[in-house]
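Student: I have a structure open and would like to go through it with you. Can we take it piece by piece?
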Amino acid sequence: MKKALVLTGGGVKGAFQVGALYHLLVDLGKEFDIITGISVGALNGSFLAQYNKEDLKQAIVDLWDLWLIIDNDRIRKSWKPFGFIHYLWEKSLYNSSPLENLIDEHLDLEKLKNSNIILNVGAQAVGSGVYRKFCGKDSTIKDAVKASAAFPVFLKAVEIEGDLYVDGGVKEVAPLRHAIGLGAEHITIINTGPLDSITVNPRDISFIEYPMRMIELQGDEIVKDDLREFIETNELLRSGKLIDSPKRIIEYDYIEPEKRLVKNPLEFNPKRIREMIQLGYDVAKKTMQK
């Protein structure tokens, strides 16, 4: 059976995925043939995909250790000397070179090329408007991961083959179609937020958090639509109502937090990261026991 792991986006909320994955890979010994990811899911997924599927226990231990040294300075920094005014010509509120350096340091093209895990990440082209899937074997995969993690407006777009690319979560938050298209027969989905939208007091949203909230709400709707279609299709296939359909039944596990994890997905607070890793572990354990 071909097994796939689907990792959604969410900035610092990717720490939740790390804890959940520790339970799946270390405690339960799961292996995955396919990994698809968007945004921080592309970061986590590409790191894991450097290892062969038989070595995913070690992969998640190493990824856990990497997250424990993450803070704001390793992800972004202010533009010098004029701060946000640089947006007028840099097209981003923050300088994301620390994140790009982190990816260069920890992502090995040769390991990705030789891995027996199929990796697929998505990014959104700014110029053409096309949503593009990148394979782990592509020579542009490092830039694709950087682009997929480039939170629009806040982090700098990445140029790939003449176009600028940003966070794939703008178009597709749960890359289920990637996994299904690659032949997955069982899919494990780790979402970084609850499917039921969390209502917040608009007065509690700062100016800098406002566009993040808009992107979060857009992402919630995309995830809901993808999962709703996925679940409904499975139910119709099981009931025999889609006899002539080329689609097939796909078993799945779904893991999500019960509450909204953070207000600002670009605030990489080490203490909160540790709390989310532990929460991810606890939620995954509880979910899989069911």
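Student: In which sense do β1 and strand β2 pair, and over how many bridges?
Tutor: β1 and strand β2 (residues 34-38) pair in the parallel sense, over 4 bridges. Two strands pair if DSSP finds at least two bridges between them. Helices (H or I, at least four residues) and strands (E, at least two) are DSSP runs, numbered from the N terminus.

Student: What should I know about the model before going on?
Tutor: This is a predicted model, in which local features need pLDDT of at least 70 and side-chain atom pairs count only at pLDDT 80 or more, while totals for chains, interfaces and linings use all residues. Residues are numbered from 1 along each chain as its sequence is written, and side-chain values use heavy atoms, with hydrogens and water left out.

Student: Back to β1. Which residue stands opposite I35 in β2?
Tutor: L5 does. β1 also pairs with strand β7 (residues 186-190), in the parallel sense over 5 bridges. There, V6 stands opposite I189.

Student: What do β1, helix α1 and β2 make together?
Tutor: A right-handed β-α-β unit, with helix α1 covering residues 14-27. Right-handed here means that, with the strands pointing away from the viewer, the path from the first strand over the helix to the second runs clockwise.

Student: How many residues of strand β1 are buried?
Tutor: 4 of the 5 residues in β1 (residues 3-7) are buried, and the strand is mostly covered. Buried means under 20% relative accessible area, exposed over 50%, and partly exposed in between (1.4 Å probe, protein chains only).

Student: And T36, buried or exposed?
Tutor: T36 is buried, at 0% relative accessibility. T36 has its place in strand β2. Leaving aside neighbours within four places in sequence, T36 is in contact (heavy atoms within 4.5 Å) with L5, V6, L7, N120, P175, H178, A179 and L182.

Student: Switching to rings. How many aromatic pairs are there in the whole structure?
Tutor: A search finds 6. Rings of Phe, Tyr and Trp (its six-membered ring) pair if their centres lie within 6.5 Å; planes under 30 degrees apart count as stacked, over 60 as edge-to-face and the rest as tilted. One of the pairs is F134 with Y165, which is edge-to-face at 5.8 Å centre to centre and 80° between the planes.

Student: Why does that pair tie together parts that are 31 residues apart in sequence?
Tutor: Because F134 lies in strand β4 (residues 131-135) and Y165 in strand β6 (residues 163-167). Both F134 and Y165 are buried.

Student: Which residues do ring pairs link into a cluster?
Tutor: Y22, W64 and Y281.

Student: What lies over the face of Y94?
Tutor: R76, at 4.5 Å from the ring centre. A charge sits over a ring if NZ of Lys or CZ of Arg is within 6 Å of the ring centre and within 35 degrees of the ring normal.

Student: Now helices. How many residues of α7 are buried?
Tutor: 7 of the 8 residues in helix α7 (residues 141-148) are buried. Among them are two lysines, K142 and K146.

Student: Where is K286 found?
Tutor: In helix α10 (residues 270-289). K286 is partly exposed, with a relative accessible area of 45%. The C-alpha atoms of K286 and I255 are separated by 9.5 Å, and the two residues are 31 apart along the chain.

Student: Last one: what does the secondary structure of the protein chain come to?
Tutor: 10 helices and 8 strands. Buried residues make up 51% of the 290 residues in the chain.
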